[in-house]
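Please walk through this fold with me, from the whole chain down to single residues. Keep the sequence beside the structure as you read.

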Amino acid sequence: MISINPFAVLAESVPSVLIQGFVIVMVSLVIIGTLVDIIHKKNIKYFFNNAKKAKLSATRELGASERISIIAKTVVYDIATTAELGAGKRRVAHVLGMWGTILFWAASVIMIFCYTSGDAATPTLWPIMWHIGAIMTCVGGYWFWLFLRVDVLAEAHPWYRIIKADLFVLALLACATFGLVWSYTQSLNLENRWDDKVFLTLYIVSNLILFGGVYWSKFAHMFYKPGAALQKNLAEADGSRDNLPPLADEPKQFGLGIKREQPKHY
Ligand code: HEM
């Protein structure tokens, strides 16, 4: 199963142009959902106004090479390793889920657009990446959703309590889980049995919810967060500090109370 391109098998019974069209519709849904979100929240407008205002309080001008080095560091460290989550489980779970999803999506696009039409055999690398990506998404995502979610970890709500904020993580998990089960049931060559068709339908529906729900879910954080990390690091380097006051030049004395319990009340 792990070395079989599930989309190539599907293309034996469904025209590949239909599968490719589905991907294009999903990408369009992400673009539309994000644009509507930007218009509704006015967050990009706020972001640029704030950056313009902060620029006025900059204490030094950044040269091109310094700017490039800050951007490179932000991409490699802050964005690729989700540095803002600090050290610990939360960051490991997120890195697993984020990179798993990137592998899963990249391999899907390559397998669908390059290896579902014509006779070209899929190099085993892509199906392996697709399956490993889905497994990583499940490990990071279920770990986060069952144990690390703030309302479960800090507010003692049961793990099965579902709220609107869970739309993104649950749709993402549904895609990865149903994708894996569909690939498995399809690889069993069940011929006219129903199993693989049911899981294919669930996989399609979860993709529609994930990509169609961008406006209502946390999906767009994957675009906003990198922008915010870049702005923060550039603002620190040019001294504008996003119009925040400078750090106090005093020892950090918070009293012994701060050591009584791990911070987990967000
Ligand atoms: C393909 C890219 C990404 C995927 C699939 C992804 C996935 C997720 C998921 C499933 C959650 C949990 C959402 C929830 O609260 O219900 C999450 C939260 C979060 N993400 Fe991402 N993310 C991506 C990119 C990024 C990037 C680039 C950053 C930062 C640079 C980032 C920072 C965060 C933060 C800070 C949280 C809150 C985590 C927590 O509460 O423990 N994410 N992400």
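This is a predicted model: local features need pLDDT of at least 70, side-chain atom pairs count only at pLDDT 80 or more; totals for chains, interfaces and linings use all residues.

The chain has 266 residues, and 21% of them count as buried. Its secondary structure comes to 10 helices and zero strands. Along the sequence the pattern reads α-α-α-α-α-α-α-α-α-α. The C-alpha trace spans about 70 × 45 × 35 Å along its principal axes. Now look at the contacts in the chain with a separation of 6 or more. Residues 24 or more positions apart account for 79% of these contacts.

Next comes one helix pair. Two packed helices are described by the angle between their axes and the distance between the axes. Take helix H4, residues 64-79, and helix H10, residues 221-237. Their axes come within 10 Å and cross at roughly 135°. H4 and H10 are therefore oblique to each other. The crossing of H4 past H10 is right-handed. On the H4 side, the contact is made by Glu66, Ile70, Ile71, Thr74, Asp78 and Ile79. H10 brings Pro226, Ala229, Leu230, Asn233, Leu234 and Ala237. Sorted by class, this contact has eight nonpolar, two polar and two charged residues.

Most residues other than glycine have a negative phi. Lys42 is not a glycine, yet its phi is positive, near 55°. Lys42 is found in the loop between helix H2 (16-41) and helix H3 (43-56). Thr82 is not a glycine either, and its phi is also positive, at about 45°. The loop between H4 and H5 holds Thr82.

Are these two residues buried or exposed? Lys42 has 10 other C-beta atoms within 10 Å, so Lys42 is exposed. Thr82 has 20 C-beta neighbours inside 10 Å, so Thr82 counts as buried. The cut-off for buried is 20 or more, and for exposed it is 12 or fewer.

Definitions and conventions:
Residues are numbered from 1 along each chain as its sequence is written. Axes are lines fitted to C-alpha atoms, for helices over the stretch in contact, and angles run from 0 to 180 degrees between N-to-C directions. Helices (H or I, at least four residues) and strands (E, at least two) are DSSP runs, numbered from the N terminus. Angles under 35 degrees count as roughly parallel, over 145 as roughly antiparallel, 65 to 115 as roughly perpendicular and the rest as oblique. A crossing is left-handed if the near helix is turned anticlockwise from the far one by less than a right angle, and right-handed if clockwise. Two residues are in contact if their C-beta atoms, placed from the backbone, lie within 7 Å. Ala, Val, Leu, Ile, Met, Phe, Trp, Tyr, Cys and Pro count as nonpolar, Asp, Glu, Lys and Arg as charged, and the others, Gly among them, as polar.
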